[in-house]
Amino acid sequence: MSSPRPSIAEPRWVRFTLTAVALVFLGFFLALPLVAVFVEALAAGIPAYLDALADPEARSAIWLTVLVALIALPLNVAFGVAAAWAIARFEFRGKSALITLIDLPFAVSPVVAGLVFVLLFGSQGLFGAWLSAHDIRIIFAVPGIVLATLFVTFPFVARELIPLMQAQGREEEEAAVSLGASGWQMLWRVTLPNIKWGLLYGVILANARAMGEFGAVSVVSGHIRGETNTLPLHVEILYNEYNQVGAFAAASVLALLALVTLIAKTIVEWRMRRETAMLEASLSPEGGAASPAA
Amino acid sequence: MSIEIRGIGKRFGNFVALDNIDLDIPSGELVALLGPSGCGKTTLLRIIAGMESPDHGQVLFEGEEATHLHVRERKVGFVFQHYALFRHMTVFENVAFGLRVKPRHERPSEAEIRRRVTDLLKLVQLDWLAERYPSQLSGGQRQRIALARALAVEPKVLLLDEPFGALDTRVRKELRRWLRRLHDEVHISSVFVTHDQEEALEVADRVVVMNQGRIEQIGTPDEVYSRPASPFVYRFLGDVNVFHSRLHGAWAEINRLPEGAHAGEALAFIRPHDIDIERFEQAGSLAARVQEVHAIGPSVRVELAHGSELIEVELTRERANALGLSRGDQVWLRPRQVRVFAAEPAGEEFGSGI
Amino acid sequence: MARNVLPGFRLGLGYTLLYLSLIVLLPLAALVFKSAELSAAQFWDIATGERALASLRVTFGSALIAALINAAFGLLTAWVLVRYTFPGKRFVDALVDLPFALPTAVAGITLATLYAGNGWIGRHLEPLGFKVAFTPVGIVVALTFISLPFVVRTLQPVIEDIEPEIEEAAAVLGASRWQTFRLVLLPAILPALITGFTLAFSRAIGEYGSVIFIAGNMPFISEITPLLIVAKLEQYDIVGATALAVVMLVISFALLLAVNALQWRMANRHSAAGARR
């Protein structure tokens, strides 16, 4: 640990006060809302809660949410691995500009992210006339929801993998190639096993965002009940109809998802830290000679 | 200012870092705490500085109780092994820091601060670097700035933790000579920690040799080198040949067994340069066969076998040339100086000691 | 440079650029393309319209307050989580990421319910004269929630990396604990604090889901710009929505560049050998 000796550190009462203030702040802003979701959801009793979830519209919203995530995540993984491979293993012009562009969707308001697809594929959009002539619906339909989700989850996997692969260096892959491995063999047997935890971490975060996205999806979905309603949109509709129990029952499913995300994330972080520690221990006699090449 | 250490003890869990240490550091001396890593020297230094508190015992500054004085109030200067310079401050601001944080009524005026910092930077011969940042300096320069920073608050004691440990050999040699000269100039009681015997012997007025949380010997560099008080000191300060007691009978006229020890319990210690090689047998000399001859710089190191025992001898180049030794020659050894200690407990056996 | 023997550069970079263009760049280009239908004067009229300006004021004002709250409490939280031990610390540490994991709509309805006049918190605030839900204060609460992790997560590794010797050196030189914090520690973590603050601010500006439930959405008072964009879209005023979106995009992009420049400076700050002044 990096803390100085107790003889230098803050007096006990300062430590106690600071800790207490921080915990009260986090308690009010984080713990209380989390508890409130479940209390509100169960406010009318368990049967009412289960009824709300068994509602066909709720079920179709859950199914659509899962479907969108199932489509978006593999695409994100493929992109993340490809981008991290190019950026962490090769030198080329405009690399730092590319990294900035990958981060760009994080900086764009979700509403703007939805709007851009309306401008492209909406009835008055650039491709609107052509699409309606061929009877293809993207906006106010599932493809639009998928596109908006892809936009907002775009950076997650790549952002995790780029620094990880940069830190690992390219020696292992070079060894594999020098031993005669083909490109795919190297990818499956060396690269992917080395980055599996980082990849999983990125997927966990991307999944939470994909299933929970509201703003971007709300702009492109059209809120057609039973068809283009994802679970977060379903929450909104019920809440606006003053169906408090229904809204919070649906919200509690998403809150559970958030809890699972936090737990999975903590476990993966723990695994990654342990692996890093093991790696450092195994390298320490040589003074960490295999650390990243600048 | 003099420092007295009375019965200081410190444990970390089950590990005894310091075991009842008593030590007097007279005013104005430059003292080296010398020992292998883990011997407790750094812990002792940090206790003197107040960054660590002892489990028991007392630290007295100029005869006054200082054991529980906070670091801030001890008025010590501390130089860290890795410099610990404030990286977002210029060299000038680093040195000025101790003056700027003084309570308002003690704080010198801006002009006074400027004058004192400039003087100190001149003292460490780096006044031309005042506006640089620490990252723009070499290791040796950083260490001199760290020293200037410690001196800025006019400490009564200067404490240095492995001050040259992170530097390469050439810079280290230069810097320790410079530290010696600086000490002669400012004459402030100084304690420095080192594991490098050469450094301790060259720089210090007095050397405190420590091992396993205890003090083995206190003395001038000459005393600890030529009259080591224990087998540990013998081994730690330079190379040594250790002869088990069965050899001892052959050299009975040169040395006596310590009081009350039997022949079977004693070890004889002889430095490689305290042995002469002769071509012919003399009374009290020991037969040996030359195994290897290495010329190393100004001296020649000869490895010889006496039975199964390996003996190392260091000769001057002239002497080696006069002898004209080559591998396999039969020669006789004569020790000039031998010290005999009662045999150590098995746990402290260090092997041949060469 | 040594020859790179690894395969897949063209494939990797090619796929990256293609996917980036299709999912991000082309759609954003459509935004710029659409706004080109407007003359500069028309664009200016929409962007500086009374309602638009009011919404920008509300958006930036509340995002700024929320980011400042998070800078202060985020610094405190990161410090406590790195330096002190207390029961349940690992749990609290994991909980900090809740706003990243909890969908914004859920946060929105929950905060609205908590701070409403009959809610757990609102019930105690209303008699004191504080109305939170359905006022601009509610917007600040929602934005504080969703941008809470940024400062904490940016600061934690930086605080962990501070060498203890730095603090010991300051103490030996006579600095009080507060002086050490102010003069030595704070400057060391300031770049990270600013980065975290900017990230939180940037996230808060674009936020939509959590705000609309608690804000009350009264034009000129508690209407944020993203909501105004949606409102214009629902009235089929696509050009108006586009113009506002361009304004937001330009601001977001400027903030993103600022963060990247800051992080670049942090990484290179004191390692560059050349003179810096």
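Colleague: Which residue of chain A meets C:Arg177 in a salt bridge?

Modeller: Remember this is a predicted model, where local features need pLDDT of at least 70, side-chain atom pairs count only at pLDDT 80 or more, and totals for chains, interfaces and linings use all residues. Residues are numbered from 1 along each chain as its sequence is written, chains are lettered from A and ligands numbered from 1 in the order in which they are written, and side-chain values use heavy atoms, with hydrogens and water left out. A salt bridge here is a side-chain nitrogen of Lys or Arg within 4 Å of a carboxyl oxygen of Asp or Glu. At 2.5 Å, N to O, the partner of C:Arg177 is A:Glu10.

Colleague: How much area do chain A and chain C bury between them?

Modeller: Buried area is the accessible area (1.4 Å probe) that two parts lose on being put together, summed over both. Carbon and sulfur atoms give 80% of it here. The total for chain A and chain C is about 8200 Å².

Colleague: And which three residues lead on the chain B side against chain C?

Modeller: That interface buries about 2200 Å², with 62% of it on carbon and sulfur atoms. Three residues supply 26% of what chain B buries there, more than any other three. They are B:Arg72, B:His88 and B:Val101.

Colleague: Is helix α8 of chain C enclosed or open, and why?

Modeller: Buried means under 20% relative accessible area, exposed over 50%, and partly exposed in between (1.4 Å probe, protein chains only). The buried residues of α8(C) include C:Gly138, C:Leu143 and C:Phe145. Nine of the 11 residues in 136–146 are buried, so the helix is largely enclosed by the rest of the structure.

Colleague: How many residues are in the largest nonpolar core?

Modeller: A nonpolar core is a set of buried Ala, Val, Leu, Ile, Met, Phe, Trp, Tyr and Cys residues joined through side-chain atoms within 4.5 Å. Among the members that touch the most others are A:Phe151, C:Phe145 and C:Leu155. The core's residue count is 180.

Colleague: Where do B:Arg116 and B:Glu112 lie?

Modeller: Their side chains meet in a salt bridge at 3.9 Å, N to O. B:Arg116 counts as buried at 17% relative accessibility, while B:Glu112 is partly exposed at 26%. The two are four residues apart, about one turn, in helix α3 (residues 110–123) of chain B.

Colleague: How many residues apart are B:Asp329 and B:Arg279?

Modeller: These two also form a salt bridge, at 3.1 Å. B:Asp329 is in the loop between α10 and β17 of chain B, and B:Arg279 in the loop between β13 and β14. The pair links distant parts of the chain, 50 residues apart.
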